[in-house]
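Colleague: I am new to this structure. Please take me through one part of it closely, with its partners and the charged contacts around it.

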Amino acid sequence: MTSPIAALPELVRSLYKLVGKLETLAPGRKFTLDGHLVGSIGEVLAADRYGLELLPASTKTHDARSKEGRMVQIKATQRNAVALRDEPEHLIVLKLLPDGTTEEIYN
């Protein structure tokens, strides 16, 4: 059975297409995907990819728990860097690509 998360890359591709259309309609304006949207996409994709249990939203320092009980912070970016406020037990960083896929840049 296919995971419901399998539909997420196509939805992300659609978001990037929409951003392109908005930027065409309003030259000089950027309509970036950022903040909570990118973070939440990364958390859901990482949980699915690595078999993690997501913690309640806005839990301090960590976003998920591994099957072994390790606490994990998940960061998603469209660039090559992220900022950390606290030191997590374990960190996963995914780069969100315009085609809806992700690239693991740190684990």
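Modeller: Here is a close look at one strand, its neighbours and the salt bridges. This is a predicted model, where local features need pLDDT of at least 70, side-chain atom pairs count only at pLDDT 80 or more, and totals for chains, interfaces and linings use all residues. Residues are numbered from 1 along each chain as its sequence is written, and side-chain values use heavy atoms, with hydrogens and water left out.

Start with strand β3, residues 71–77. Strands are DSSP runs of E, at least two residues; helices are runs of H or I, at least four, and both are numbered from the N terminus. In β3, 5 of the 7 residues are buried. Buried means under 20% relative accessible area, exposed over 50%, partly exposed in between (1.4 Å probe, protein chains only).

Two strands pair if DSSP finds at least two bridges between them. β3 runs parallel to β4 (residues 90–96), with 6 bridges. There, I74 faces I92. β3 runs antiparallel to β2 (residues 64–65), with 2 bridges. These two form a hairpin with 5 residues between them. G69 in the turn has a positive phi of about 95°.

R65 stands opposite M71 in β3. R65 also forms a salt bridge with E53, at 3.8 Å. A salt bridge is a side-chain nitrogen of Lys or Arg within 4 Å of a carboxyl oxygen of Asp or Glu. This pair links β2 to β1 (residues 53–54), 12 residues apart. R65 is partly exposed at 31%, and E53 is partly exposed at 47%.

Another salt bridge joins D86 and K60 at 3.0 Å. D86 lies in the loop between β3 and β4, and K60 in the loop between β1 and β2. D86 is partly exposed at 29%; K60 is exposed at 62%.
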